[in-house]
Amino acid sequence: MKIILFLPKTKVYMYNDTSRTVSDETLFFQVQQGNEGAFEALFLRHYPALCAYARLFVEPDDGQEIVSDVMVWLWENKEMQAFENSLKSYLFKAVKNRCLTLINRNEVKQRIEKMIFDNLQSQYDDPDFYVIQELTEKIEEALARLPENVREAFELNRFQNLTYNEIAERLGVSPKTIDYRIQQALKQLRIDLKEYLPLLLPFLLH
């Protein structure tokens, strides 16, 4: 029996339902050989459960997109993959990590908006929503350009109010390293956001 299905962000494939009895390991070995039907079988096998799991963390639409991205990433990087435990465990962990990344990104955005609003409110009676939105986007773009370890240290300090010692303990480095990373972040952000410095001074001070 053949079933024609459209998979998100993939082509239309032919799926043979007899593959339901084949193990994940066997299917993934076939995927590594470039077998698109085996990839589709894995996709169909795990997609519903992964989407249900993602909904524990994010909205359904975001969860579906994350699961699709994980599966497509798996296909695109199939030659390099090796799993410590099982493919299923890897997929659930990958989905969870991407969900948490999205949550953190949304929290950072909310904290940026609040910070900008508070700063503007102290200077103007009626802060302009569009100014807040523009500044938020500029800060997000500037943060995204920072090296990951620099950005992480800066965000933990500015948006989660962690001390250098607390960040150092969490990341497994010295407080001196955290101080250096935050100084590097401030240096670059002052350059990237120089047009907005009068509005962002509290954010960009040591």
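**Placement of selected residues and aromatic pairs**

Asparagine 77 is located in the loop that runs between α3 and α4, the latter helix covering residues 87-121. In this predicted model, the relative accessible area of asparagine 77 is 14%. Because buried means under 20% relative accessible area, asparagine 77 is classed as buried. Along the chain, asparagine 77 is 45 residues away from glutamine 32, and the C-alpha atoms of the two are separated by 8.9 Å.

The chain as a whole contains nine helices and two strands. In sequence order, these elements give the pattern β-β-α-α-α-α-α-α-α-α-α. The chain has 206 residues, and buried residues account for 38% of them.

Helix α3 comprises residues 60-76, and aspartate 62 is part of it. The relative accessibility of aspartate 62 is 30%, so this residue counts as partly exposed. Aspartate 62 also belongs to a patch of negative charge on the surface, where it gathers with Glu59, Asp61 and Glu65.

Aromatic residues were examined next. A pair of aromatic rings is described by two quantities, the distance of the centres and the angle of the planes. Five aromatic pairs are present in the structure. One of them joins phenylalanine 43 and tyrosine 47, with 4.9 Å from centre to centre and 15° between the planes. Since planes under 30 degrees apart count as stacked, the pair of phenylalanine 43 and tyrosine 47 is a stacked one.

The positions of the two residues in the sequence are also of interest. Both phenylalanine 43 and tyrosine 47 lie in helix α2, which spans residues 36-54. Because they are four residues apart in this helix, about one helical turn separates them. Phenylalanine 43 has a relative accessible area of 2% and is therefore buried. Tyrosine 47, at 18% relative accessibility, likewise counts as buried. Ring pairs connect Phe43 and Tyr47 with Phe39 and Trp75, and these residues form a cluster.

Towards the end of the sequence, leucine 204 is found in helix α9, made up of residues 197-204. Its relative accessible area is 2%, so leucine 204 is buried. Leucine 204 was also compared in position with lysine 187. These two residues are 17 residues apart in sequence, and the distance between their C-alpha atoms is 8.7 Å.

Technical notes. Residues are numbered from 1 along each chain as its sequence is written. This is a predicted model: local features need pLDDT of at least 70, side-chain atom pairs count only at pLDDT 80 or more; totals for chains, interfaces and linings use all residues. Side-chain values use heavy atoms; hydrogens and water are left out. Patches are made of residues with over 30% relative accessible area and no salt bridge: like charges are joined within 9 Å, nonpolar side chains (Val, Leu, Ile, Met, Phe, Trp, Tyr) within 5 Å. Accessible areas come from the Shrake-Rupley method with a 1.4 Å probe; for residues, only the protein chains shown count as cover. A salt bridge is a side-chain nitrogen of Lys or Arg within 4 Å of a carboxyl oxygen of Asp or Glu. Lys and Arg count as positive and Asp and Glu as negative; His and the chain ends are not counted. The place of a charge is taken as NZ of Lys, CZ of Arg, CG of Asp or CD of Glu. Buried means under 20% relative accessible area, exposed over 50%, partly exposed in between (1.4 Å probe, protein chains only). Rings of Phe, Tyr and Trp (its six-membered ring) pair if their centres lie within 6.5 Å; planes under 30 degrees apart count as stacked, over 60 as edge-to-face and the rest as tilted.
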